[in-house]
Amino acid sequence: MMIPTPHIEVKDKNTIAKTVIMPGDPLRAKFIAEKFLENPVLFNSVRNMYGYTGTYKGKRISVMGSGMGMASIGIYSYELFKFYDVENIIRVGSCGAYTDELNLYDVILVDEAYSESTFAKCQSGYESDIIEPSEKLNEQLRTAAKNLKIEIKEGRIHSSDVFYRENFEVFKEINKKYGCMAVEMESFALFANAKSTGKNAACLLTVSDSLVTHEATSSEERQLSFTKMMEIALEMAE
Ligand code: HPA
């Protein structure tokens with residue numbers, strides 16, 4: 001029996017695998033565990049932030065929700081890296097397109113996260129507004145996507161603290177000034193925690209809506225069609 005951290009309560013720290021796949025939605029974590037993992041075992045249900053461990057093609061792997069936003073993923077990823085010996089976290093999330101060069105359901109491998117958030121500065125004194133994921137994980141994800149014949153796009157994304165902006169048009173400036181192709185709300189904090197704890201993080205995103213064309217997907221469509229990025233993440237896991 002080990003002492004739980006404030007937001008994760010597991011009986012034995014070996015219950016969590018070295019690699020954790022993190023969707024935002026805990027119900028998506030449940031979906032991934034039930035659809036893809038053999039013998040999934042629930043290890044966390046504090047605040048209903050479900051986490052499961054099972055095997056995929058013989059490899060032990062965990063999947064756990066992160067919640068929405070940098071504050072939430074900041075808490076869960078830090079506890080996993082720091083107190084549960086997790087080495088790799090691969091976020092699998094959704095994003096809004098900032099450019100008409102992206103279509104709904106395109107899969108993006110994040111190669112840099114830009115943010116106006118103070119998360120990294122507050123967390124560890126990191127000064128830049130851009131953070132990179134692990135190049136090693138990205139290389140493994142590229143290889144996995146190639147082997148699965150799934151096309152991915154790579155680029156810089158915007159990690160925003162705000163979903164509902166009064167000035168909606170601001171995205172055009174962020175796209176132009178910082179070269180961000182899409183927006184989500186978690187990668188910058190995840191990458192900051194990986195950097196400060198000496199661990200590895202990466203992020204795959206599927207385009208769920210477009211700020212340019214205003215197209216959007218329903219939550220049911222998302223549940224069914226986001227499996228491509230999940231397969232890439234599962235395939236690369238060691
Ligand atoms: N904004 C922020 N995060 C998102 C969006 C968005 O439009 N779509 C999916 N995640």
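**Close-up views of helix packing and the ligand site**

**View 1. The crossing of helices α4 and α8 is right-handed.** A crossing is called right-handed if the near helix is turned clockwise from the far one by less than a right angle, and left-handed if anticlockwise. This is a predicted model, in which local features need pLDDT of at least 70 and side-chain atom pairs count only at pLDDT 80 or more, while totals for chains, interfaces and linings use all residues. Residues are numbered from 1 along each chain as its sequence is written, and side-chain values use heavy atoms, with hydrogens and water left out. Helix α4 covers residues 135-147 and helix α8 covers residues 227-236, and the two pack at an angle of about 115 degrees with their axes 8 Å apart. Axes here are lines fitted to C-alpha atoms, for helices over the stretch in contact, and angles run from 0 to 180 degrees between N-to-C directions. The helices α4 and α8 are therefore roughly perpendicular to each other, a term used for angles of 65 to 115 degrees. On the α4 side, Leu 137, Gln 140, Leu 141, Ala 144 and Ala 145 meet Ile 232, Ala 233, Glu 235 and Met 236 of α8, where contact means heavy atoms within 4.5 Å. By class, this contact of α4 with α8 has 7 nonpolar, 1 polar and 1 charged residues.

**View 2. Helix α1 also packs against α8.** Helix α1, residues 26-36, meets α8 at an angle of about 65 degrees, with their axes 12 Å apart, and the crossing of α1 and α8 is right-handed. Arg 28, Phe 31, Ile 32, Lys 35 and Phe 36 in α1 touch Thr 227, Met 230, Glu 231 and Leu 234 in α8. The residues of this contact divide into 5 nonpolar, 1 polar and 3 charged.

**View 3. Helices α2 and α6 pack at an angle of about 30 degrees.** The axes of α2 (residues 70-83) and α6 (residues 187-197) are 8 Å apart, and the two helices are therefore roughly parallel to each other, a description given to angles under 35 degrees. Among the residues in contact are Ile 73, Tyr 78 and Phe 81 in α2 and Phe 188, Leu 190 and Ala 194 in α6.

**View 4. The ligand is surrounded by residues that include Ser 94, Phe 163, Glu 184 and Leu 211.** A nitrogen atom of the ligand is 2.8 Å from an N or O atom in the side chain of Asp 209, and a backbone N or O atom of Gly 96 lies 3.3 Å from a nitrogen atom of the ligand.

Conventions: Helix = DSSP H or I, 4+ residues; strand = E, 2+ residues; numbered from the N terminus. Parallel < 35°, antiparallel > 145°, perpendicular 65-115°, else oblique. Nonpolar A, V, L, I, M, F, W, Y, C, P; charged D, E, K, R; others polar. Near = heavy atom within 4 Å. Polar contact = N/O pair within 3.5 Å; in protein donor to acceptor, adjacent residues only side chain to side chain.
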